[in-house]
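Please look over the sequence and the fold shown here before reading on. The briefing below covers the surface, the sheet, the helices and a few backbone details.

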Amino acid sequence: MGVALGEAERAATNGEVPVGAVVVIDDEIVGRGRNRVIQAADPTAHAEVVALREAAQRVGNYRLTGATLYVTVEPCLMCAGACLHARLGALVFGATDPKMGAVCSVMRALDEPAWNHRVRVTEGVRAEEGRALLQAFFRQRRGEGYRSGRTGLDSKSSWG
């Protein structure tokens with residue numbers, strides 16, 4: 001999770017919402033990601049998706065069975081779906097997301113009985129550190145008089 005937090009810090013440095021992720025297989029990092037939606041002008045460039053794409057390319061297979069995704073914030077619905085499609089073995093995340101979290105906050109997308117795959121979930125790992133990055137980021141944006149529009153960020157975040 002420490003590496004994922006470092007990726008989140010790099011995202012913030014680039015003006016992106018500070019979320020970071022890493023994919024680990026057999027104790028080796030095979031994918032890293034940080035939010036890049038603004039830089040890439042790509043609404044799917046969430047940290048989790050970036051890390052999963054890199055991992056799949058590196059191992060040469062979109063199925064990442066046995067892999068663990070570490071992410072600083074609870075995944076949204078899109079990212080939870082990507083975890084299922086990648087056939088991840090486990091998901092470990094830090095802070096919950098009361099507005100967009102699709103693992104345990106707003107919905108429990110990974111628990112749908114109809115899915116043909118299950119992802120083991122561990123929540124709350126180093127949550128305070130991830131939450132603190134988000135809070136600092138949004139406080140800074142509000143201090144700059146930042147408003148939604150250009151990037152879609154809103155001055156009223158769930159992280160205060």
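This is a predicted model: local features need pLDDT of at least 70, side-chain atom pairs count only at pLDDT 80 or more; totals for chains, interfaces and linings use all residues.

Residues are numbered from 1 along each chain as its sequence is written, and side-chain values use heavy atoms, with hydrogens and water left out.

**Overall make-up**

- Of the 160 residues of the chain, 46% count as buried, where buried means under 20% relative accessible area, exposed means over 50%, and partly exposed lies in between (1.4 Å probe, protein chains only).
- The chain holds five helices and five strands, which are DSSP runs numbered from the N terminus (helices: H or I, at least four residues; strands: E, at least two).
- Read from the N terminus, the order of these elements is α-β-β-α-α-β-α-β-β-α.
- Among the contacts with a separation of 6 or more, 54% come from residues 24 or more positions apart, a contact being heavy atoms within 4.5 Å.

**The sheet**

- The five strands make an open sheet of mixed pairing, in the order β2-β1-β3-β4-β5; two strands pair if DSSP finds at least two bridges between them.
- Strands β2 (28-34) and β5 (120-123) stand at the edges and have a single partner strand each, so one side of each is left without a neighbour in the sheet.
- Neighbouring strands of this sheet are turned by 15 degrees against each other on average, with direction ignored.
- Strand β4 (residues 90-95) runs parallel to β5 and is joined to β5 by four bridges; A90 has R120 of β5 as its bridge partner.

**Helix α3 against the sheet**

- Helix α3 (residues 47-59) lies across β1 (20-25), β2 and β3 (68-73), and runs at about 145 degrees to β2; axes are lines fitted to C-alpha atoms, for helices over the stretch in contact, and angles run from 0 to 180 degrees between N-to-C directions.
- With 13 residues, α3 reaches 18 Å from its first C-alpha to its last, close to the 18 Å expected at 1.5 Å a residue, the expected span being 1.5 Å times one less than the number of residues.
- The buried residues of α3 are A47, E48, V49, V50, A51, L52, A55 and A56, and these buried residues pack against β1, β2, β3 and α4 (77-85).
- After α3 comes G60, which has a positive phi near 75 degrees.

**Helices α1 and α5**

- Helix α1 (residues 2-13) packs with α5 at an angle of about 5 degrees, and their axes are 10 Å apart.
- The two helices α1 and α5 are therefore roughly parallel to each other, as angles under 35 degrees count as roughly parallel.
- Their contact is made by L5, A8, E9 and A12 of α1 together with E129, G130, L133 and F137 of α5.

- R87, found in the loop between α4 and β4, is not a glycine and yet has a positive phi of about 60 degrees; R87 is buried, with a relative accessible area of 17%.
- R126, found in the loop between β5 and α5 (127-143), is likewise not a glycine and has a positive phi of about 55 degrees; R126 is partly exposed, with a relative accessible area of 40%.

Technical notes: Angles under 35 degrees count as roughly parallel, over 145 as roughly antiparallel, 65 to 115 as roughly perpendicular and the rest as oblique.
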